[in-house]
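Dear colleague,

Please have a look at it first; my notes on what was found follow below.

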Amino acid sequence: MTSAPTVSPSNDVFTQRAYSASAKSVLARKPALFINNEWVQSTHGATIAVEDPSTGKEVARIADASEADVNRAVEAARNAFDDGRWSHLPPSQRERTINKLADLIEAHAAEFAELEAIDNGKPIGMAAVVDIPGAIGHLRYMAGWASKLGGELMEPQGLPRGTVFSYVSRDPIGVAAQIVPWNFPLLMATLKISPALAAGCTVVLKPAEQTSLTALRLADLVAEAGFPPGVVNVITGNGHTTGDYLVKHPGIDKIAFTGSTEVGKIINRNATETLKRVTLELGGKSPVVVMPDVNVAEVAPNAAGAIFFNSGQVCIAGSRLFAHRSIFDKMIEGISQAASFWQPRPSLDPQAHMGPLVSKEQLDRVMGYIEAGKKDGATVAIGGDAPSANGYYVNPTVLVNVKPNMSVVREEIFGPVVVAQRFDDLDEVAKMANDTCYGLGAGVWTRDVSAMHRLASKIKAGTVWGNCHAIIDPALPFGGFKQSGFGREQGKQGIEAYTELKTVIIKL
């Protein structure tokens with residue numbers, strides 16, 4: 001087996017492009033919170049630095065909300081829900097308002113793509129074709145459910161017909177606290193708020209402290225779209241303070257969280273005190289199974305994209321490659337060659353396909369895993385290093401000669417690092433794929449329809465892709481098995497998660 005050498009671009013390749021005037025205007029805004037359709041100052045004035053991961057430099061500051069600020073936001077959402085200013089509107093009006101928000105995002109799509117690139121580090125081209133259209137699509141899909149979500153007429157089985165009138169209704173659950181991650185900031189924000197709003201709930205949105213810019217810009221458009229005050233509130237701050245206040249607040253009825261399994265467990269424990277409804281979409285260590293009948297030249301670049309897309313900072317990243325022994329070496333060669341397409345670049349570079357990691361903390365985490373893997377005996381087929389640059393870059397990395405008990409195999413790295421293993425037969429690889437505490441996604445590549453269905457039935461994951469990877473659609477439910485979380489987002493199940501069932505029985 002041979003491997004392609006890592007290319008080390010010159011430092012001038014890592015020079016970030018100049019920001020647009022509109023982006024500079026957003027970055028220059030004073031730190032504030034969006035509560036009751038107004039921009040308000042934090043009660044204690046604490047702020048958090050906003051960094052451009054492509055340079056490692058501070059470019060703005062955001063408010064670090066206090067407990068009093070959280071109380072204000074929850075009170076605003078509580079009042080807006082209890083007086084029915086949103087939930088009692090005709091469903092068609094809620095639908096139009098949500099669609100108006102989608103229209104406004106679309107009108108500012110270029111601005112949102114640039115802000116996402118500056119704040120998160122993802123290439124602006126990727127944000128423009130994935131993140132922003134995805135955010136708009138989630139809003140428009142869920143807007144349609146506002147006028148279609150209903151109850152059911154039920155006949156009791158133990159009473160004479162005509163003696164009672166009974167039905168089951170779906171009521172909005174109330175005030176939803178929505179805590180979103182930093183890897184797809186705007187997309188995750190709209191994925192969370194859209195079903196809640198369509199169901200008639202009010203929300204308090206807390207974006208990740210690393211990437212709050214697009215959520216704050218979204219708040220501007222919330223007011224412009226015509227949402228009543230208090231229906232959507234956006235508060236920024238650290239997870240261990242602001243997020244914790246929000247989760248424990250007695251005025252919150254529902255929590256939706258996307259993030260690490262470790263934090264998800266903490267949130268679930270804290271929510272138990274008041275039995276809040278909880279939806280958790282957590283970590284993953286998704287297997288990519290490549291059967292011996294594939295065209296390696298076609299599959300290898302796709303397997304590379306499954307892990308290197310978004311710098312590997314994807315919960316469903318194909319981070320465990322299982323290639324049949326007969327094609328293993330060719331797959332590693334193909335992925336190594338494809339890695340040149342994913343060489344990191346600054347986020348505003350129009351030629352970039354992969355940007356930096358989101359933060360210095362994440363850079364240190366990923367490099368720590370790579371070093372641990374090498375120490376445990378793994379071999380670096382390609383990458384394994386970080387370019388010499390001011391930003392938080394890591395080169396695409398393939399590790400071979402790994403063993404099932406290594407940390408790089410068992411734990412979520414959340415970076416552009418894939419661990420590759422051989423297998424001999426279908427039953428063996430199904431067992432290997434399931435040898436994890438996670439169960440979020442999995443990919444299977446084969447021309448054999450029977451093998452595809454057999455593996456899909458054996459693999460324990462919320463989504464199994466066949467001859468593709470990471471296709472997400474608002475109409476299809478998404479969530480995980482095991483420690484990848486519980487509950488489902490998207491689809492009919494996604495909006496039902498923001499409702500309570502009420503049975504009504506009336507004696508006639």
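Two strands are taken to pair if DSSP finds at least two bridges between them, and helices (H or I, at least four residues) and strands (E, at least two) are DSSP runs numbered from the N terminus. With that in mind, there is an open sheet of 7 strands in the order S14-S15-S16-S13-S12-S18-S19, and its pairing is mixed. Strand S14 (379–382) and strand S19 (463–466) stand at the edges with a single partner strand each, so one side of each is left without a neighbour in the sheet. Neighbouring strands of this sheet are turned by 25 degrees against each other on average, direction ignored.

Please keep in mind that this is a predicted model, in which local features need pLDDT of at least 70 and side-chain atom pairs count only at pLDDT 80 or more, while totals for chains, interfaces and linings use all residues. Residues are numbered from 1 along each chain as its sequence is written, and side-chain values use heavy atoms, with hydrogens and water left out.

Within the sheet, strand S12 (residues 287–290) and strand S13 (residues 320–324) run parallel and are joined by 4 bridges; Val289 has Phe322 in S13 as its bridge partner. Helix H11 (residues 328–338) packs on the sheet, where it touches S12, S13, S14, strand S15 (397–400) and strand S16 (417–423), contact meaning heavy atoms within 4.5 Å. The direction of H11 makes about 135 degrees with that of S13; axes are lines fitted to C-alpha atoms, for helices over the stretch in contact, and angles run from 0 to 180 degrees between N-to-C directions.

Helix H5 (residues 124–145) and H6 pack at an angle of about 5 degrees, with their axes 8 Å apart. H5 and H6 are therefore roughly parallel to each other, a label given to angles under 35 degrees, whereas those over 145 count as roughly antiparallel, 65 to 115 as roughly perpendicular and the rest as oblique. Among the residues making the contact are Ile132 and Leu139 of H5 and Leu186 and Thr190 of H6.

Ile105 touches Leu186 and Thr190 too, and its contacts also include Phe112, Ile132 and Leu218, not counting residues up to four places away in sequence.

Lastly, Glu209 is placed in the loop between strand S8 (202–206) and helix H7 (213–225). Glu209 touches Ile48, Ile62, Gly237, Asn238 and Gly239, again leaving out residues up to four places away in sequence.
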